[in-house]
Amino acid sequence: MRLITKQLLFLGITILILGYYNFANALTITQTETVSVSAIVGSIPSLDGGGGGGGSYQSGVRFSGLAYPGATVTVIKRDGKTLSVTANQSAEFSILVPETNWQLFTLFAVDVYGRKSTLLNFPTVLYSGYITDISGIRFAPTINTDKLSVKKGDFITIEGSSLPNTRVYIDFEGKDNSTFSLISNPEGVYSVTMPINMTEGEYVLRSYYQGDSRTSKAVRVTVGSASILRTEVTNNIPGDCNFDQQVTLVDFSVLAYWYQKPNPPRCVDTNSDGIVNLVDFSILAFYWNG
Amino acid sequence: MKNIFFKKIISKNKILIFLVLFFALNNTKVLAASLSLELPKNVSIGEKFSVDLLIDPENQSINSIESSIIFPKEILKYNSFSIKQSSIPVWVEEPKEEFLGTIHFAGVIPGGLERLYDPMKGNNHAIPVLRFYFIAIKSGSANFEIKNSLVLKNDGKGSAVYVSENGSSINISGEQTENIQQVDSTPPEPFTVSIIDRSTFGRNPRLAVFSASDLDGAIEHYEVSVGNGTFSIANSPYPLPYKIMGYKLTVRAFDFSGNMREQQIDVPGEKSYGMGILVILFILLIAFIRYKFYVKVK
């Protein structure tokens with residue numbers, strides 16, 4: 001009887017723990033957008049002709065949310081046409097894209113220092129006579145470091161743009177994992193110079209806001225025996241085979257040439273497993289910034 | 001001592017361990033993605049119909065999809081596919097009937113996908129991936145299966161996601177009373193051909209990159225001619241042959257109705273590469289002459 005009671009108690013605790021774990025998992029994929037829809041009577045005015053050149057659209061999509069103070073937010077349509085808007089000093093932006101057809105819209109933000117956010121995709125359904133209003137978008141912070149490789153004990157500067165006066169978390173992921181946080185200034189800039197005393201090896205740095213599943217683009221830093229400044233020549237982006245600091249369709253084409261071929265060059269084999277397969281394309285797609 | 005303690009715990013709690021494992025495995029479903037098909041329930045023989053492949057990433061960001069669609073080749077004939085309503089902007093392998101009854105594809109989405117944004121149907125999160133067209137050729141029930149799917153997270157590591165593959169079926173009965181199929185006579189859209197130069201110290205050849213689109217569907221295949229030579233079926237990226245002198249490269253894009261669009265570009269010769277070879281040959285020649293002269297003097 002006592003054993004059964006013990007087992008039931010253990011079972012209850014297990015269910016509670018797993019239930020919490022499920023709930024916690026659900027929380028880690030929190031969405032920052034809230035979608036609402038509003039009707040528009042008559043035609044939607046074209047902002048600058050970039051939406052196709054006319055003003056006779058009967059539907060469209062409005063993207064609004066937060067980027068970085070003074071950032072340029074760009075929307076890319078499926079046909080490659082783009083529309084841009086500048087965020088205000090509170091980092092708020094709003095952009096109306098006249099469009100009639102269902103499609104995938106891609107958004108990105110560039111901060112005032114030229115650092116680019118990760119890409120955000122919105123496969124959106126449009127209804128004639130309506131604007132699909134996607135609000136509450138929040139770009140993750142941008143990030144960069146002054147060094148590509150840091151000698152153990154030497155200093156590294158990590159900086160980027162974010163919302164003004166907001167706590168930004170920075171993750172080091174590698175042989176040692178660590179996270180620290182700092183608060184950005186009123187201009188939406190965060191910067192920290194710190195000594196590196198981690199185990200030698202390769203690390204990936206990302207910055208993000210508390211409770212947000214979105215992160216900045218990932219930056220690779222090596223902790224080793226020498227410090228190397230991050231210059232245009234030495235930047236280390238997986239899959240950037242032409243070393244132009246951009247991961248674009250050009251790099252994709254080079255990878256595609258080596259797809260499933262034996263003995264690929266190191267540059268295209270982004271995870272160094274000796275073959276170019278879908279995993280390498282996934283890594284390339286993650287770092288894509290063209 | 002420790003082992004005996006653990007053995008005792010395990011023997012007393014077998015049921016609990018089973019339940020813990022059950023819940024733990026059940027938990028993985030939270031992070032699943034599901035692939036499903038949307039198609040009509042009934043069609044007639046001779047009718048062309050569409051099958052939409054959808055993905056619901058369950059709010060996790062995914063950036064790569066690879067899968068195969070299996071269908072009964074004795075009942076259905078694969079006609080074409082359309083990327084007009086696709087969320088995949090970059091194709092690693094465009095959809096192709098690898099062998100009769102199996103269509104395979106792989107594509108990536110830079111930036112990743114999490115859900116569909118449909119303001120009228122808040123619970124509809126399934127994102128269109130591809131639209132396939134089939135023609136019913138025989139009566140019966142046809143099962144569509146989704147197999148060998150690989151969906152990868154947008155995490156910079158290419159981590160795999162658990163995928164549930166949900167096939168569907170269709171009934172084919174009776175002859176189509178009238179043929180209302182529209183004839184597509186529009187050629188593919190104009191497209192560009194770009195050249196990616198060979199890397200200085202790498203092993204990549206010069207590549208020709210091209211991608212055409214078709215208003216009524218998609219491109220069925222490409223053909224390439226180098227220097228006014230014969231056309232042969234090719235894919236992008238196309239490795240260009242090494243030539244010191246420039247030449248014309250012609251690329252033809254064909255849609256599924258056989259309509260064709262042609263694009264031609266002038267490819268400059270690889271003079272710098274050629275010059276390198278000439279310099280090496282010149283050095284070898286000088287070395288050879290000096291050697292001969294040295295032997296003669298001796």
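Reader: How many of the ten residues of α3(A) are buried?
Author: Ten of the ten are buried (20 or more other C-beta atoms, placed from the backbone, within 10 Å of the residue's own; exposed is 12 or fewer, partly exposed in between), so α3(A) is largely enclosed by the rest of the structure. This is a predicted model: local features need pLDDT of at least 70, side-chain atom pairs count only at pLDDT 80 or more, and totals for chains, interfaces and linings use all residues. Residues are numbered from 1 along each chain as its sequence is written; chains are lettered from A and ligands numbered from 1 in the order in which they are written.

Reader: What do the buried residues of α3(A) pack against?
Author: They pack against α2 of chain A, together with β4 (62-70), β6 (90-99), β7 (102-113) and β9 (140-153) of chain B. Helices (H or I, at least four residues) and strands (E, at least two) are DSSP runs, numbered from the N terminus.

Reader: At what angle do α2 and α3 of chain A pack?
Author: Helix α2 (residues 249-258) and helix α3 (residues 278-287) of chain A pack at about 175°, with their axes 11 Å apart. Therefore α2(A) is roughly antiparallel (over 145 degrees) to α3(A).

Reader: Which residues of α2(A) and α3(A) make the contact?
Author: A:Asp251, A:Phe252 and A:Leu255 of α2(A) meet A:Asp280, A:Phe281 and A:Leu284 of α3(A).

Reader: New topic. Where is B:Glu220 found?
Author: B:Glu220 lies in strand β14 (residues 219-226) of chain B. B:Glu220 is partly exposed, with 18 other C-beta atoms within 10 Å.

Reader: How far is B:Glu220 from B:Tyr294?
Author: Their C-alpha atoms are separated by 65 Å, and the two residues are 74 residues apart along the chain.

Methods: Axes fitted to C-alpha atoms, helices over the stretch in contact; angles between N-to-C directions. Parallel < 35°, antiparallel > 145°, perpendicular 65-115°, else oblique. Contact = placed C-beta atoms within 7 Å.
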